[in-house]
Amino acid sequence: MKKSLFTLALLATVAACSAPAENAAEGDSVATEGSAVEAGLFADLGGEAENPIYTENVGDTLAVRGYDVVSYFVGDGTPVEGAEALTVRYNGYDYRFANEDNANAFVADPAKYAPAYGGYCAWAIGAKDALAPGDPEVYEIVDGKLYLNFNKDVQANWQKDIPGFITNGDKNYPTHSADEHFKS
């Protein structure tokens, strides 16, 4: 009998500790019961993409192939894959995170962590005004911004004139509409 009562008390404590906060301030972006939690999101920041965001397939919403974009900036800077349970929707696309600290950092400042050019290849948009997939494992952080490249050979070309390609990319990328997608 004592074991049963102890087990029930323990389960009640765990349930209470893991329940979503009910006193969240109005306007908080973290998901609460009855909102994004039902959709399986850690948070839904709302918004719509103004320019294309790279996903593996047209119609997908998973950005950066599920890699944790904050992981590039913390610890040793090694990119890691995020967990489905820690998904944050930003401008209609889903970003995954390896831990709650990273998810909360993204919620606080998504523009800081979201990759340049929507995760498309920085060299392709800067050199050719073209959309090509960015590989989350071929990247560079320049002036606090994450840039992805198609592969290591392309990255070597990009590194020959990073400031020039960024200047061109910053002009070219806004001319592409949100409904565009890489075509092979």
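Student: A salt bridge here means a side-chain nitrogen of Lys or Arg within 4 Å of a carboxyl oxygen of Asp or Glu. By this rule, how many salt bridges does the count come to?
Tutor: The count comes to one salt bridge. Keep in mind that this is a predicted model.

Student: OK, which residue forms a salt bridge with Arg89?
Tutor: Asp94 does, and the closest N and O atoms of Arg89 and Asp94 are 2.7 Å apart.

Student: Is Asp94 buried or exposed?
Tutor: Asp94 counts as buried, because its relative accessibility is 10% and the cut-off for buried is under 20%. Arg89, on the other hand, is partly exposed, with a relative accessible area of 26%.

Student: Back up a bit. What does the secondary structure come to?
Tutor: There are six helices and five strands in the protein. Reading along the sequence, you get the pattern α-β-β-β-α-α-α-β-β-α-α.

Student: And how much of the protein is buried?
Tutor: Of the 184 residues, 39% are buried.

Student: What about confidence, what pLDDT does the protein average?
Tutor: The average is 84, and 78% of the residues score at least 70.

Student: Where does pLDDT stay under 50?
Tutor: That happens over residues 1-38. For that stretch the model has 19 contacts beyond four places in sequence. Where pLDDT is low, the predicted coordinates should not be read in detail.

Student: Do strand 1 and strand 2 run parallel or antiparallel?
Tutor: Parallel, with two bridges joining strand 1 to strand 2, residues 83-90. As one of the residue pairings, Ala43 has Val88 in strand 2 as its bridge partner.

Student: Take Val107, where is it found?
Tutor: Val107 is in helix 2. At 12% relative accessibility, Val107 counts as buried.

Student: How far apart are the C-alpha atoms of Val107 and Leu45?
Tutor: They are separated by 7.3 Å, although Val107 and Leu45 are 62 residues apart along the chain. For the protein as a whole, residues 24 or more positions apart make up 61% of the contacts with a separation of 6 or more.

Student: Switching to aromatics, how many aromatic pairs does the count come to?
Tutor: Ten aromatic pairs. One of them is Tyr90 with Tyr95, which is tilted, at 6.2 Å centre to centre and 55 degrees between the planes. Both Tyr90 and Tyr95 are buried.

Student: What kind of aromatic pair do Tyr95 and Phe106 form?
Tutor: A tilted one, 5.0 Å centre to centre with 35 degrees between the planes. Tyr95 sits in strand 3 and Phe106 in helix 2, eleven residues apart, so the pair links distant parts of the chain. Both Tyr95 and Phe106 are buried too.

Student: Which residues do the ring pairs link into a cluster?
Tutor: Tyr90, Tyr95, Phe97 and Phe106.

Student: Now the other strands. How many bridges join strand 4 to strand 5?
Tutor: Five, and the strands run antiparallel, with strand 4 covering residues 135-142 and strand 5 covering residues 145-149. Asp135 has Asn149 in strand 5 as its bridge partner.

Student: Which residue takes a positive phi in the hairpin of strand 4 and strand 5?
Tutor: Asp143, with phi near 50 degrees. That hairpin has two residues between the strands.

Student: Last one, where does Ala178 lie?
Tutor: In the segment after helix 6 (162-172). Ala178 counts as partly exposed, at 28% relative accessibility.

Student: What is Ala178 in contact with, leaving aside its neighbours within four places in sequence?
Tutor: Ala49, Glu50, Asn51, Pro52 and Tyr93. Ala178 and Ala49 are 129 residues apart in sequence, yet 5.9 Å apart in space, C-alpha to C-alpha.

Terms used. Residues numbered from 1 in each chain as written. Predicted model: local features only at pLDDT ≥ 70, side-chain atom pairs only at ≥ 80, totals over all residues. Heavy atoms only, no water. Pairing = 2+ DSSP bridges. Helix = DSSP H or I, 4+ residues; strand = E, 2+ residues; numbered from the N terminus. pLDDT = per-residue confidence, 0-100. Contact = heavy atoms within 4.5 Å. Phe/Tyr/Trp six-rings, centres within 6.5 Å; stacked < 30°, edge-to-face > 60°. Buried < 20%, exposed > 50% of the residue type's maximum accessible area, 1.4 Å probe, protein only.
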